[in-house]
Every structure is written in structure tokens, then in C-alpha cells.
Amino acid sequence: MSYENILVDFQNGISTLTINRPSKLNALNKATIQELHDALDAANKDANTKVIILTGSGEKAFVAGADISEFAHFDVSNGGKLAAKGQELLFDFLENLSTPVIAAVNGFALGGGLELAMACHFRLASDNAKMGLPETSLGVIPGYGGTQRLPQLVGKGRAMEMIMTAGMIDANQAQAYGLVNHVTSPEELLPLAEKIAGKIMRNSSVAIKGAIKAVNANFKDSVDGYQVEIEEFGNCFGTEDFTEGTTAFLEKRKADFPGK
Ligand code: COA
């Protein structure tokens, strides 16, 4: 399937989705949000895709935010709908995907761009990346989950400061905050993401799916994460991957997991 604003590349179990609107610094317009949903959904359903990498095209930006030109004239009702639709279609959808998604932050990740990276399961950044939630400088607040996920990742005080100042932090600061796991040169960013994807792919996709669900449950109100862990742990015992993983260990060989 081909898209207007997304490039899809599949190799060795990895689907790399590249947001491709470089003339607008990959800003998320309505069409791109829909296409990202569709491309993520397709990669998630593809049994051969074990890991998804999300990045931006060009050397300047991952994503410079939601497309400001699309909402500048909105009223209260439209503003609320914009956030609700975007969260449901892309940001919550992405966070709850059962296939691991790594954000390779290759430049500006601002507003909706940082929110997109934060909805991924974890993040790597190139050393030229800049991250921030500049929404208050536009007279709005983050609307794609930024007020929730940023404090989860960096702590309340740092999130408050970033949101109130609307400032940017560089990649090293983001790593010190725990917002990104690794920082590397721009040239090494995708190779590093692929190397980490390779380590993930050695393990059971079925078990990883359960782990994503259990870890995410920690951040959901009215869901008992420990109970989700118990259920997901128990479910593993009925899977072919569990039989293969434990048998391979006892037979002192590498596991060859059948599932996704
Ligand atoms: N929405 C719509 N268009 C955007 C955009 C956004 N979030 N971010 C960048 N663009 C567009 C610019 O309008 C410009 O388009 P044009 O060439 O047709 O005028 C193009 O992308 C290049 O951006 P430009 O501002 O010229 O690049 P720069 O290097 O001078 O500045 C940024 C880079 C990231 C600092 C600046 O683009 C910016 O502040 N963007 C908005 C960030 C933001 O507030 N995001 C949160 C939105 S909720």
C-alpha cells in the first residue's frame, strides 16, 4: 500500500515508517494522521513485521507539530474534536499497538511531534534533535496526550517547566530526563534503531505483546496493572512460543519463536 505522506520500507522483520512532508517539517495534518493510523495498523497486522520504526524525512525534523494552518480558525467544539479524534486514531492507538514501535527522533520533535514520539514504546534521538511542547506559546495546551505522557516520562516538575516555558531541550538533555533512551549521530540513528530491533526480534513477539499490555496498564486509571500482569503471565503458558522458549532453553539451543 502506498501513501501520500508516509514512506513504508520493510526489511528483515522491520517496517520503517517515514513521515514524509519535509517542506512542512513533517507537520501532522489530518491526512497524515489518518495515513499513520492506516500504516501502523497494516504493519501491526502483518505477521512478518516484528518491530516498527517511526522517523521523519529530511535532516531537520522528526515532526514539527500538528499542522497549525489546519486549526488556526477552530472554535471550542472543533478544538475538542481535534484532540479527541487525534488521540483515538493515532496517539492512543500507537501506544497500545501490540508490535513494538521505536521512535527514531531525527530532528525537531515539537508539540504533536513530541507527543507522537512519546506515544511510541521508546525513543532514540540523533544529537541534532530538539524536543519541546511549544503549545502555550500559541495559546493552547498540548492536546495529543502531552500533558499526560510527558510527566509520566520525565516527572511532573520537568514536564510543568517544559510546558510552561514552551522551550526546547536538546537530545542530551532529553536523555538526562529519560525522555530518550539513546543519543547518537544522525547517520547512526537508523542503524542503532535497527540494531535494537534485532535484539527485540530474538524474543517472543507473543510475550512482548503481553508485556506491552501489562506495562501500559500501569498508566491507566481504573485498571489494576498487577491483575493485568497476572492474566498476561498466565496466558503465556498456553502459547506455542512458551513451549518453544522453554524447550529451547532446556535443549541448550536458540529459540525459534513461531508466533506473532
Ligand atoms: N504546522 C504547519 N506548518 C509548519 C509547522 C507546523 N507545526 N512547523 C513548520 N511548518 C512549516 C513552516 O510554516 C514552513 O512552511 P513555508 O515554507 O510554507 O512557510 C516550513 O514548515 C519550514 O518551517 P520554518 O519555520 O521556515 O523553519 P525554521 O527552521 O525557520 O523553524 C521551527 C523551525 C521548528 C522552529 C519552526 O518551524 C516552528 O516553530 N514550527 C512550529 C512548531 C510548533 O509550534 N509546533 C507545535 C504545534 S501545536
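Predicted model: local features only at pLDDT ≥ 70, side-chain atom pairs only at ≥ 80, totals over all residues.
I went to K24 first: an N or O atom in its side chain sits 2.5 Å from an oxygen atom of the ligand.

Next I looked up the backbone contacts. A polar backbone atom of S23 is 3.5 Å from a ligand oxygen, and A64 puts a backbone N or O atom 3.0 Å from a ligand nitrogen. How much of the ligand's 860 Å² does the protein bury? I got 60% of the area that the ligand exposes when taken alone.

Then the shell. I found 15 residues around the ligand, with K24, K60, A64, A66 and I68 coming nearest. Sorted by class, I have nine nonpolar, two polar and four charged residues.

On to salt bridges: I noted seven in the structure. R21 pairs with D67, closest N and O atoms 3.1 Å apart. R21 is in the loop between β2 and α1 and D67 in the loop between β4 and α2, so this pair ties together parts 46 residues apart in sequence. Buried or exposed, R21 and D67? Both are buried.

I checked D41 and K45 too; their closest N and O atoms are 2.9 Å apart. The two are four residues apart in helix α1, so about one helical turn separates them. K45 counts as exposed, at 63% relative accessibility.

E232 bridges to K213 at 3.3 Å between the closest N and O atoms. E232 is in helix α10 and K213 in helix α9, so the pair ties together parts 19 residues apart in sequence. I have E232 down as buried, because its relative accessible area is 15% and the cut-off is under 20%.

Last entry: D92, E95 and R149 are linked in a salt-bridge network.

Key: Residues numbered from 1 in each chain as written. Heavy atoms only, no water. Near = heavy atom within 4 Å. Polar contact = N/O pair within 3.5 Å; in protein donor to acceptor, adjacent residues only side chain to side chain. Areas by Shrake-Rupley, 256 points an atom, 1.4 Å probe, with all protein chains shown as cover. Nonpolar A, V, L, I, M, F, W, Y, C, P; charged D, E, K, R; others polar. Salt bridge = Lys/Arg side-chain N within 4 Å of Asp/Glu carboxyl O. Buried < 20%, exposed > 50% of the residue type's maximum accessible area, 1.4 Å probe, protein only.
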